[in-house]
Amino acid sequence: EALEKIKNMRVDLDASRKLRDEVTVMLPEIAAEYRELGSHAWHNGDTAKARIYYDKALNSYTKSLGKDHPEVACSMGDLANVYCDQGKFDEAIGLYQQAYKIHTDAYGPD
C-alpha cells in the first residue's frame, strides 16, 4: 500500500511539473529571460545554445502575447540571426520575412 501511494505521488508530482512548465512559458517575463540568455550565448559565440534559448523565447512570446505581437517579430529576428551564423539561410530568410510582416502590420510600412 505504501508503494502504491508513492507511485501515485510520483504521478501527481509529474503532472504538477508539466502544468508548471506550461503556465510559466506563458509569461512574457519568462520569454524575456530566455531572450537575454540567448543574447549572452550568441555574443559569446555559442550559437547552439543561443538557438535553444531564442527558440524558447519565441515560443513563450507567441503563447503569451500572440503570434502577431512585435516582440514575437523581434524574437524571430534574433533566431534568424543565429540561423545566418549557422549557415541556415533558408530558415533565416523565412523568419526575417515573417518578422517584417508582423512589424509592418503593427507599425505600418515606414
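The axes of helix H2 (residues 28–43) and H3 come within 8 Å and cross at roughly 160 degrees, where axes are lines fitted to C-alpha atoms, for helices over the stretch in contact, and angles run from 0 to 180 degrees between N-to-C directions. Helices (H or I, at least four residues) are DSSP runs, numbered from the N terminus. The structure is a predicted model, in which local features need pLDDT of at least 70 and side-chain atom pairs count only at pLDDT 80 or more, whereas totals for chains, interfaces and linings use all residues. Residues are numbered from 1 along each chain as its sequence is written, and side-chain values use heavy atoms, with hydrogens and water left out.

The mean pLDDT (the predictor's confidence in each residue, from 0 to 100) of the protein is 91, and 96% of its residues reach 70 or more. Among the elements of the protein, the lowest mean pLDDT, 82, belongs to helix H1 (residues 2–24), and the highest, 97, to H4.

H2 passes H3 in a left-handed crossing; a crossing is left-handed if the near helix is turned anticlockwise from the far one by less than a right angle, and right-handed if clockwise. The contact (heavy atoms within 4.5 Å) involves residues of H2 including Ile30, Tyr34, Leu37 and Trp42, which meet residues of H3 including Ala50, Tyr54, Ala57 and Tyr61. By class, the residues of the contact of H2 with H3 divide into 14 nonpolar, 5 polar and 3 charged. Here Ala, Val, Leu, Ile, Met, Phe, Trp, Tyr, Cys and Pro count as nonpolar, Asp, Glu, Lys and Arg as charged, and the others, Gly among them, as polar.

Helix H3 (residues 47–65) also packs against helix H4 (residues 70–85), their axes coming within 9 Å and crossing at roughly 160 degrees. This angle makes H3 roughly antiparallel to H4, and the crossing of the two is left-handed. Among the residues that meet are Arg51, Ala57, Leu58 and Tyr61 in H3 and Ser75, Leu79, Val82 and Tyr83 in H4. The contact of H3 with H4 comprises 11 nonpolar, 3 polar and 5 charged residues.

Within H3, Arg51 counts as partly exposed at 31% relative accessibility (between the limits for buried, under 20% relative accessible area, and exposed, over 50%; 1.4 Å probe, protein chains only). Residues up to four places away in sequence aside, Arg51 touches Leu79, Val82, Tyr83, Gln86 and Lys88. Arg51 and Leu79 are 28 residues apart in sequence, yet their C-alpha atoms are 6.2 Å apart in space. In H4, Ser75 is buried, with a relative accessible area of 1%. Not counting residues up to four places away in sequence, Ser75 touches Arg35, Ala57, Leu58 and Tyr61.

The axes of H4 and helix H5 (residues 89–107) come within 8 Å and cross at roughly 160 degrees; the two helices are therefore roughly antiparallel to each other. H4 passes H5 in a left-handed crossing. Contributors to the contact include Val72, Cys74, Met76 and Leu79 of H4 and Phe89, Leu95, Ile102 and His103 of H5. This contact has 17 nonpolar, 4 polar and 1 charged residues. Cys74, in H4, is partly exposed at 27% relative accessibility. Apart from neighbours within four places in sequence, Cys74 is in contact with Arg35 and His103. The C-alpha atoms of Cys74 and Asp46, 28 residues apart along the chain, are separated by 20 Å.

Terms used
Angles under 35 degrees count as roughly parallel, over 145 as roughly antiparallel, 65 to 115 as roughly perpendicular and the rest as oblique.
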